[in-house]
Amino acid sequence: MFYICSMSNVHVVWFKRDLRVHDHAPLLAAVASGAPVLPLYIFEPEFWALPEHSGRQFDFMMESLRSLDEALKLRGSALCIRIGEASQVFADLHKRHGLAAIHVHEEIGLQWSFDRDRAVQRWTLKAGIALREQPQHGVMRRHQGSSDGWLRQWEAWMLAPRAKAPDEIKPAGVPAGEWPAGDDFRLKTDACPGRQPGGRAEGVELLRSFIASRGRRYRAAMDSPQSAEGACSRLSPHFTFGTVSIREAYQGAMRARAELERDGDSTFAASLDSFMSRLQWHCHFLQKLSDQTTINSRNLHIESDGLRDRVSDGDPQLEAWISGRTGFPFLDACMRSLNATGWLNHRMRAMVMAFAAQHLWMDWQQPAARLAALFTDFEAGIHYPQAQKQAGARGAGIPRIFNPVKQSLDHDRDGDFIRRWVPELSSLSTAHIHAPWDAPKAELAKAGIVLGQTYPMRIVDHMAAAREARDRIYAGQGASGPNGSTKLARTEWAADRPLPSSRRARPQASPPKQLAFDLQMPEATEPQASPHA
């Protein structure tokens, strides 16, 4: 295939899930070439047609793209917008303007993104254009070696100096193009009133407030959805869309921890240790996804094939579960909170997925895809291993079956979270709000509650359903029982803890000089961060 173009020296920076100008190695490489630079974002209809993607994610991304566009304009350029299949977009740009190179971060996502990137790679080879991919977050597509070696590589990546945002970008003079709306991709109306705003300024403010004050109770408060809302960093959607790099968060937390240690604040320092461990955990699972890109569509443990019931949209139990109408107050509160905010703490994500897989005995794929679309911070490498784990599809043995009533008592003892999100039960006493089916009829009547009318009857007997799930899993594993041999037909999957404790990243008492917490963000010209719920 031959291309006729008027020039051949434009360097494209293809933004995907790295929507920032700070700590962005491909952007710096393009600028360093001295050639005209074309910052490009491609809206791909096939991407937004995937079941895991939704209007709330699109809206967060659009806010982040606007923020990126502002940052680029401050440096003399602007974000070029195109719509279509990536290879065709590049072919058209090359024909019209001439491309010398494409600079891009490697993307670790669903199988679709790997297939798309391979198609672009094939096109660049035919067109004779350099494709210069760089890893992001210390995660590489074709990493080979032991987990111990990966940890050393990751630690070195996290401690390396951050790439400074360029002061000036030489524009390529390519028309910016029209910005689309969600309707252009047939995205359904997605009311999410409590969704976190997108954009670089929002992410930076979350990081600053977390390491300065909010993160003090992180270690103790992360398990309860009520306390986790403010005590967790809430940076996850910013990591997903790349408005803040994980290296920026790691180095900022590391410097803050060193100062806390000098001040003798061991409680806050320990919380930041936990946070940095979570960052490593995050990257570890993205690295594992690079080796198993079909994690969203195939059981890792072959004996789980066909074990549970396949469901589709419209199934009454699936719809009751996803909308928070199961009759279990704490579970329903978690699901309603997720529907309204796009976020849920990690422990409750595990509980709601386990309920679908164990108590409702659903095959994990459809519930997991529906959940993914509710998360503003959907990250395939985190979400789908968790879904498979809760369904017992990652290995032999009985997975944890969460008791939704016990979880309620453990993490919302006074019922405040339930009353907030399930207001029809707000008049029930604390003694009965966790299990209204056990409440005396007189108390229900006084509270104006009619089970089955004003609030659903519980969808299953959770104790009986848990016993049945265990029996089915035993039977499905055959005579060997839960401690029998593990048959992993597709890949070996590491345990949830990324590495042995002896090899986990340990923060230094005095971080290197380049770790000074300067995010290189032009304060006077960026939009001000707004408060979060």
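Keep in mind that the model is predicted. A search of the whole structure finds 21 aromatic pairs. Let's take two of them.

Start with Trp 14 and Phe 90. They form an edge-to-face pair. The ring centres are 5.1 Å apart, and the planes make an angle of 80°. Now look at where these residues sit. Trp 14 is in strand E1, residues 10-15. Phe 90 is in helix H4, residues 86-97. Buried or exposed? Both Trp 14 and Phe 90 are buried.

Next pair: Trp 364 and Tyr 384. This one is edge-to-face as well, with 6.1 Å from centre to centre and 65° between the planes. Trp 364 lies in the loop between helix H15 (346-359) and helix H16 (365-374), and Tyr 384 lies in helix H17 (residues 380-390), so the pair ties together parts that are 20 residues apart in sequence.

Why do we call Trp 364 buried? Because its relative accessibility is 2%, and buried means under 20%. Tyr 384 counts as buried too, at 0%.

Rings can also join up in a group. Ring pairs link Tyr 41, Phe 43, Phe 47, Trp 48, Phe 58, Trp 112 and Phe 185 into a cluster. Find those on the model.

Last, charges over rings. Arg 66 lies over the face of Trp 179, 3.8 Å from the ring centre. Arg 278 has its charged end over the ring of Trp 281, at 6.0 Å from the centre.

Note on methods
Residues numbered from 1 in each chain as written. Predicted model: local features only at pLDDT ≥ 70, side-chain atom pairs only at ≥ 80, totals over all residues. Heavy atoms only, no water. Phe/Tyr/Trp six-rings, centres within 6.5 Å; stacked < 30°, edge-to-face > 60°. Helix = DSSP H or I, 4+ residues; strand = E, 2+ residues; numbered from the N terminus. Buried < 20%, exposed > 50% of the residue type's maximum accessible area, 1.4 Å probe, protein only. Lys NZ or Arg CZ within 6 Å of the ring centre and 35° of its normal.
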